[in-house]
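Dear colleague,

I am handing over the structure we spoke about, and I would be grateful if you could look through it with the notes below beside you.

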Amino acid sequence: ATLAAASSELPPGWCLFGLALLAILIFSWVYVRKYQSRRESEVISTITAIFALAVALISSALLPVDIFLVSYMKNPNGTFKDWADANVSRQIEDTVLYGYYTLYSIILFCVFLWIPFVYFYYEEKEEDDGNTCSHIKTAFKYTLGFITVCAVLLLIGAFVPLDIPDKKNSTEWEKVKLLFEEFGSSHGLTALSFSISSLTVIGMLAAITYTAYGMSALPLNLIKGTTSAAYERLENTEDIEEVEQHLLRIKSKCRDGRPLSSRDRRTVQQLEEKLRTLRRRERHLESIEKSWWTKFCEAIRPLKIVWGVFFIIVALLFTVSLFLSNLDKALHSAGFDSGFIILGTNLTNPLNMLLPVLQTVFPLDYILITTIVMYFIFTSMAGIRNMGIWFFWIRLYKIRRGKTRPQALLFLCMILLLIVLHTSYMIYSLAPQYVMYGSQKYLVQWFPSLQMGGQLGNVFRSLLYVNEPIPIVYQCTVTRTYLFLHKFWFFSAAYYFGNWAFIAVFLIGLIVSCCKGKKSVIEGEVDEDDSDMSDDELSVYY
């Protein structure tokens, strides 16, 4: 009842959150249906991909909601609102924490059980025409490896102590008892945090590979646009005529009954395959040239340029802020053994300066954080779409409109789930105090040496030098996100080095994207390994 009364005091954000949830589900359905192959689509893989993509987007929305809730419980003068007493605050914190528990548990379930099982099931189904039971058994056998890894991570996180006792004469039983006491006191938070942090490291590698490139490729592609369909069609027609003439010259050698040499036969085979590809390109270009969607895209070309400029500004703001934040850690942190954690901010970055200014006008700061999170997700999608899915130097799958295999969509959604986990730490690296406390202020009348009414980040370093009890922990509420970020120092150290790698890949991708010319209007739509049956669905997309 108390929580319900408190909820009545909250702005109509919960209704907006419900609408956002519905929008996420609709977007996930449209996105998956747009890229999946119509000839190879399967109900289970489609539902799995839609569900996993929705979970990824919902999880990314938790950070702005978490920051908003801890900020809304306090007045601008630093006092708690009338309804936000200790019990209500604790209930709201627990509700958000349970939301993280639920979504992170679903992510573990998707990454270690559901997605691998569906993937291996369809792999077996393609390779073997046996019955369904044998496919399920084989898929589950392979999935057991992922389940074992998940169980090991949970056990390590649950029973490896974070604080090693100093008592040298403690017995083995006392040490074991301490492990179970720590596990009980954390309510499984440490176990879940270790598992999620392990996946976050993998998500960091995916973000370095795909997101960093997508942040440079997406804006520049919008600015540069694509080549003209009419011009490409003219060039393609010339290529067709050239290949046909080459074929006629080779085939004219056997008019007198002499057989072609093995070299000529190989050349004829290659030219015929190239001719089939060029004719498929011709059909695609003809469909695009007559498409209403092409005419609409040409009409909104100025808007695309504006969006491209906006996205590149956001990318540069993000990168410069990340560089200054990492430089601050390199110069002023306690070093590798502490995970490069610093208290306070010594080098301000543009984002850290912008957020306090936007806090004065509700809800501009939340709009900015939400924009950065969503931009991070959509540039990840763009990076995966442009690069495809790779395993080291081996290209496994391509992401193409209307022609993406079910296994590729499952891989895409799994990669997005892992990248979303890393998003929270990226935002924390940019604005640590804001992610921890939002826009909360606190009263400092207990400290005669300090001035009244400062932001938490502005006064935090000064408090370190005050020899009086520090009541911040009782005056300000920490976001639940922070509880998952700094349980283990070695993960924080890995994230620190990962941020440097992210910046380097972004700069390399920016240079490569600037040097590349315009993309083809049918980029990735036609490949030599496509069958002619793939052209039967042209009307669906154009």
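The side chains of Arg-233 and Glu-282 come together in a salt bridge, with 3.0 Å from N to O. Arg-233 belongs to helix H8 and Glu-282 to helix H9, so this pair ties together parts of the chain that are 49 residues apart in sequence. Please keep in mind, here and throughout, that this is a predicted model. Of the two partners, Arg-233 counts as partly exposed because its relative accessibility is 25%, whereas Glu-282 counts as buried because its relative accessible area is 16%.

How many salt bridges does a search of the whole structure find? The search finds three, and the other pairs are described here in turn. Glu-232 forms a salt bridge with Arg-281, and the closest N and O atoms of this pair are 3.2 Å apart. This pair also links distant parts of the chain, since Glu-232 is in helix H8 and Arg-281 is in helix H9 (residues 262–290), 49 residues apart. Glu-232 is buried, at 7% relative accessibility, while Arg-281 is partly exposed, at 23%.

Glu-244 forms a salt bridge with Arg-279, and here the closest N and O atoms are 2.9 Å apart. Glu-244 lies in helix H8 and Arg-279 in helix H9, so that distant parts of the chain, 35 residues apart, are linked by this pair. Glu-244 is partly exposed, with a relative accessible area of 31%, and Arg-279 is likewise partly exposed, with a relative accessible area of 39%.

Which residues form the negative surface patch? The patch is formed by Glu-235, Glu-238, Asp-239, Glu-241 and Glu-242. Glu-235, one of these residues, is placed in helix H8, which covers residues 229–251, and Glu-235 is partly exposed, with a relative accessible area of 35%.

A nonpolar surface patch of about 630 Å² is made by Phe-391, Phe-392, Trp-393, Ile-394 and Leu-396. Is Trp-393 buried or exposed? Trp-393 counts as exposed because its relative accessibility is 71%, where the cut-off for exposed is over 50%.

Thr-143 is found in helix H5 (residues 132–159), and Thr-143 is buried, with a relative accessible area of 0%. If neighbours within four places in sequence are left aside, the residues in contact with Thr-143 are Phe-112, Leu-113, Pro-116, Phe-117 and Phe-120.

Asp-365 is placed in helix H13 (residues 364–387), and, at 2% relative accessibility, Asp-365 counts as buried. Not counting residues up to four places away in sequence, Asp-365 touches Leu-355, Leu-358, Gln-359, Tyr-434 and Ser-439.

Ile-312 lies in helix H11 (residues 301–332), and Ile-312 counts as buried because its relative accessibility is 14%, the cut-off for buried being under 20%. Leaving aside neighbours within four places in sequence, Ile-312 is in contact with Pro-219 and Leu-510. The C-alpha atoms of Ile-312 and Leu-218 are separated by 8.5 Å, although these residues are 94 residues apart along the chain.

**The chain as a whole**

The secondary structure of the chain comes to 20 helices and two strands. The chain has 542 residues, and buried residues make up 47% of them. The accessible surface of the chain comes to about 27900 Å², and 64% of that surface belongs to carbon and sulfur atoms. What share of the contacts in the chain between residues at least 6 apart in sequence joins residues at least 24 apart? Among those contacts, 79% join residues at least 24 apart.

Methods
Residues numbered from 1 in each chain as written. Predicted model: local features only at pLDDT ≥ 70, side-chain atom pairs only at ≥ 80, totals over all residues. Heavy atoms only, no water. Patch = residues over 30% accessible without salt bridge, like charges linked within 9 Å, V, L, I, M, F, W, Y side chains within 5 Å. Areas by Shrake-Rupley, 256 points an atom, 1.4 Å probe, with all protein chains shown as cover. Salt bridge = Lys/Arg side-chain N within 4 Å of Asp/Glu carboxyl O. Lys, Arg positive; Asp, Glu negative; His and termini not counted. Charge placed at Lys NZ, Arg CZ, Asp CG, Glu CD. Helix = DSSP H or I, 4+ residues; strand = E, 2+ residues; numbered from the N terminus. Buried < 20%, exposed > 50% of the residue type's maximum accessible area, 1.4 Å probe, protein only. Contact = heavy atoms within 4.5 Å.
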